[in-house]
Amino acid sequence: MSKSKFKNPVVKWIDHRLPVFSFMDHELNHYPTPKNLNYFWNFGSLAGFALVTMIVTGIVLSMNYTAHVDYAFDSVERIMRDVNHGWLIRYIHMNGASFFFIVVYIHIFRGLYYGSYKAPRELLWILGVLILLLMMATAFMGYVLPWGQMSFWGATVITNLFSAIPLVGESIVTWLWGGFSVDNSTLNRFFSLHFVLPFVIVGVVILHLVALHRFGSNNPIGIDVRGTQDTVPFSPYYTIKDLFGLSVFLSFFAAAVFFFPNFMGHPDNYIEANPMVTPAHIVPEWYFLPFYAILRAVPDKLGGVLFMFGAIAVLFILPWLDRSSVRSSQFRPIYKIFFWILLLDCVLLGYLGAMPAEGIYVILSRIATAYYFFHFLILFPLLPYIEKTKPLPISISEPILGGGSAASAFAVREKR
Amino acid sequence: MIKSLLLFFSSHISKLFISLVIISLSNFSFAAGEKISYPQLNWSFSGILGTFDRASQQRGLQVYKEVCSGCHGMRLLAYRNLKSIGYNDDEIKAFAADNNVNTINDDGEVVERPARPSDKFVSPYPNDKAARAANGGAYPPDLSLIIKARPDGANYLHALLTGYVDAPKDQKVPDGMYYNKYYSGNLIGMPQPLYEDGVEYADGTKATPDQMAKDVTAFLAWASEPEMEDRKRLGVSVMLFLFLLTALSYFAMKQIWAPIKEK
């Protein structure tokens with residue numbers, strides 16, 4: 001079989017001893033993929049693209065960056081002003097972080113809507129949540145590196161959260177800082193970790209892909225692939241679709257980089273860090289705002305920290321919280337509505353995270369936080385007992401072939 | 001009844017969602033705090049195709065040099081950078097040579113020499129403490145990044161520079177402080193810097209405070225983002241390329257998928 005697959009004798013020789021070409025042929029070329037995937041399935045490859053972009057631009061930036069409290073801010077400005085196209089590299093990296101999170105958040109909500117976390121894809125989902133956690137740590141430390149006011153005060157606020165841990169909290173914070181305040185040693189270790197964590201992410205992404213290719217992609221109707229009639233080979237069908245998705249993504253990304261590079265940043269970060277001057281409002285980057293809102297919604301410091309981490313923790317156990325065996329929301333009329341409420345809830349939390357913690361914002365934050373945990377801890381386990389799901393189609397290719405009219409749940413869906 | 005309500009809800013909720021996203025996006029750059037609104041000016045450098053007005057920038061440099069530079073530094077800018085606002089090498093050399101920088105001579109003594117184009121703009125004070133001491137404790141911020149370091153920077157700066165008015169009767173203005181209607185808290189340590197004919201423009205433009213504020217803002221906007229014109233120009237080419245790539249990949253995708261979709 002491998003004899004006839006490759007014509008090039010060198011490739012054939014290598015592949016016989018080291019079957020990398022067979023592997024790529026199998027996983028990237030023939031890899032059978034459900035033929036009914038919609039555009040929401042583009043975001044996985046987009047996230048991969050974003051990761052590579054961040055690593056490549058980050059390595060170039062690190063060649064010009066100085067991790068020292070006296071020089072960090074100026075070294076970033078030197079990149080912006082004197083390094084050839086340094087502004088481009090830095091703006092790609094800076095906006096790339098935001099776009100990476102946009103893509104990953106859409107990817108996660110896609111998984112929530114179509115039940116992609118359900119058996120047998122539990123580990124695939126858990127690895128994904130782990131990637132999210134690593135991304136957050138990496139992004140947080142990266143934001144400290146330009147050593148602006150928000151870098152410094154954001155780092156101070158977030159690292160101080162660990163002081164809420166009983167007994168050892170203060171010692172842990174001192175240990176994290178490498179001193180008694182956010183200072184040079186903090187900046188150095190954050191730079192070091194910010195450099196290395198992305199490669200850890202690459203490792204987990206590889207595991208994520210191995211787990212994905214075990215059972216293949218989920219699909220919009222959420223039923224298992226029955227045979228070859230339900231799939232198409234990954235190439236050319238999904239390589240071209242991913243290329244189209246990438247072009248659209250790059251159009252938005254380039255528009256931000258070239259025309260609104262500072263829209264998602266905070267002006268205060270163009271003021272050099274000053275431990276003697278606290279900004280009026282310390283706000284994290286937008287992608288942390290929902291979690292920041294949860295943190296501030298709880299009146300107790302330790303409680304706030306626990307709820308904030310709990311918001312991620314519930315994602316890890318989601319495959320076992322959701323008791324419904326039906327994957328896709330298309331056949332879960334009640335869950336579908338709650339899905340949109342959860343999405344609205346998260347956007348609301350993000351908005352509240354940017355507002356001052358006072359008056360109506362606090363009350364709304366508490367309601368939104370309560371809903372978030374209600375959704376995961378109560379709704380997911382209990383909803384299947386009261387929800388009447390719609391009948392599932394027999395196979396993926398049936399509705400595409402036009403199938404039976406009365407029996408098909410698809411016919412109902414199409415009419416709407 | 002409940003079912004139809006739910007149906008209605010689910011069909012409209014995505015629209016609601018999108019509008020909420022837009023609302024929250026439009027708000028989050030002004031994250032929190034009482035908001036003072038500044039007059040919104042029509043800057044030549046705003047917008048996707050906006051460029052700097054060279055004449056205005058050069059007048060702005062004059063305002064910076066004759067008015068602002070008494071207290072405010074521009075430490076991230078080098079004299080050589082002035083080339084991109086239309087000065088030639090000789091002009092830059094002469095401009096730089098008006099300032100002195102410290103250097104160490106062959107005998108190890110600290111001596112002064114005239115600044116060269118490769119030097120950074122010389123700050124008016126040797127250090128932050130000297131700057132504070134000379135200004136009643138208030139620190140005159142470095143202006144290299146001032147437009148990027150303030151929300152709605154250009155409009156803010158123009159408003160601030162023209163915002164000196166008489167304090168309301170119930171407002172007590174302490175010694176060394178001044179009343180400015182656009183400054184957060186209204187009391188600012190900087191005295192009114194711009195007065196009618198405070199500078200004499202070489203090109204004959206009437207030096208009103210409003211004109212000077214506009215010019216120095218144009219100059220400082222460039223100082224904050226010297227790459228802006230290059231960035232936008234490159235951006236237009238990149239966008240054109242990406243639209244082409246998007247269209248090509250779209251039609252290629254349609255063609256490749258056609259046999260599958262027909263079935």
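Two residues are in contact if their C-beta atoms, placed from the backbone, lie within 7 Å. This cut-off applies at each contact on the tour below, which is made through a predicted model.

**First stop: chain A as a whole**

Chain A holds 18 helices and two strands. Its C-alpha atoms fill a box of roughly 70 × 60 × 45 Å along the principal axes. For 416 residues, a compact globule would have a radius of gyration near 22 Å, and the 24 Å of chain A agrees with this. Of these 416 residues, 40% count as buried. Among the contacts in chain A between residues at least 6 apart in sequence, 76% join residues at least 24 apart.

**Second stop: the largest nonpolar core**

Select A:A47, A:A50, A:F100, A:V103, A:A293 and A:I294 and show their side chains. The largest nonpolar core has 81 residues, and these six touch the most other members. Next, colour helix α6 of chain A, residues 86-113, which gives the most to this core, with 13 residues.

Now centre the view on A:A293. Which residues does A:A293 touch, not counting those up to four places away in sequence? They are A:L349, A:L352, A:G353, A:S365 and A:A368.

Return to chain A and select α7, residues 122-144, together with α13, residues 301-316. The axes of α7(A) and α13(A) lie 9 Å apart, and the helices pack at an angle of about 155°. Angles over 145 degrees count as roughly antiparallel, and α7(A) and α13(A) are therefore roughly antiparallel to each other. Show the side chains at their contact: A:I126, A:V129 and A:L133 come from α7(A), and A:I312, A:L315 and A:F316 from α13(A). By class, this contact has six nonpolar residues, no polar and no charged ones.

**Last stop: where chain A meets chain B**

Display both chains and select the residues at which they touch. Here 41 residues of chain A are in contact with 40 residues of chain B. On the side of chain A, the elements that give two or more residues are α5 (72-81), α11 (234-259), α15 (333-354) and α17 (397-401). Which of the elements gives the largest share of this side? Highlight α11(A), from which 14 residues come. Finally, colour the side of chain A that touches chain B by residue class: 31 residues are nonpolar, five are polar and five are charged.

How values were computed: Residues are numbered from 1 along each chain as its sequence is written. Chains are lettered from A and ligands numbered from 1 in the order in which they are written. This is a predicted model: local features need pLDDT of at least 70, side-chain atom pairs count only at pLDDT 80 or more; totals for chains, interfaces and linings use all residues. Helices (H or I, at least four residues) and strands (E, at least two) are DSSP runs, numbered from the N terminus. The radius of gyration is taken over C-alpha atoms; the globule rule is 2.2 Å times the number of residues to the power 0.38. A residue is buried if 20 or more other C-beta atoms lie within 10 Å of its own, exposed if 12 or fewer, and partly exposed in between; C-beta atoms are placed from the backbone. Axes are lines fitted to C-alpha atoms, for helices over the stretch in contact, and angles run from 0 to 180 degrees between N-to-C directions. Angles under 35 degrees count as roughly parallel, over 145 as roughly antiparallel, 65 to 115 as roughly perpendicular and the rest as oblique. Ala, Val, Leu, Ile, Met, Phe, Trp, Tyr, Cys and Pro count as nonpolar, Asp, Glu, Lys and Arg as charged, and the others, Gly among them, as polar. A nonpolar core is a set of buried Ala, Val, Leu, Ile, Met, Phe, Trp, Tyr and Cys residues joined through C-beta atoms within 7 Å.
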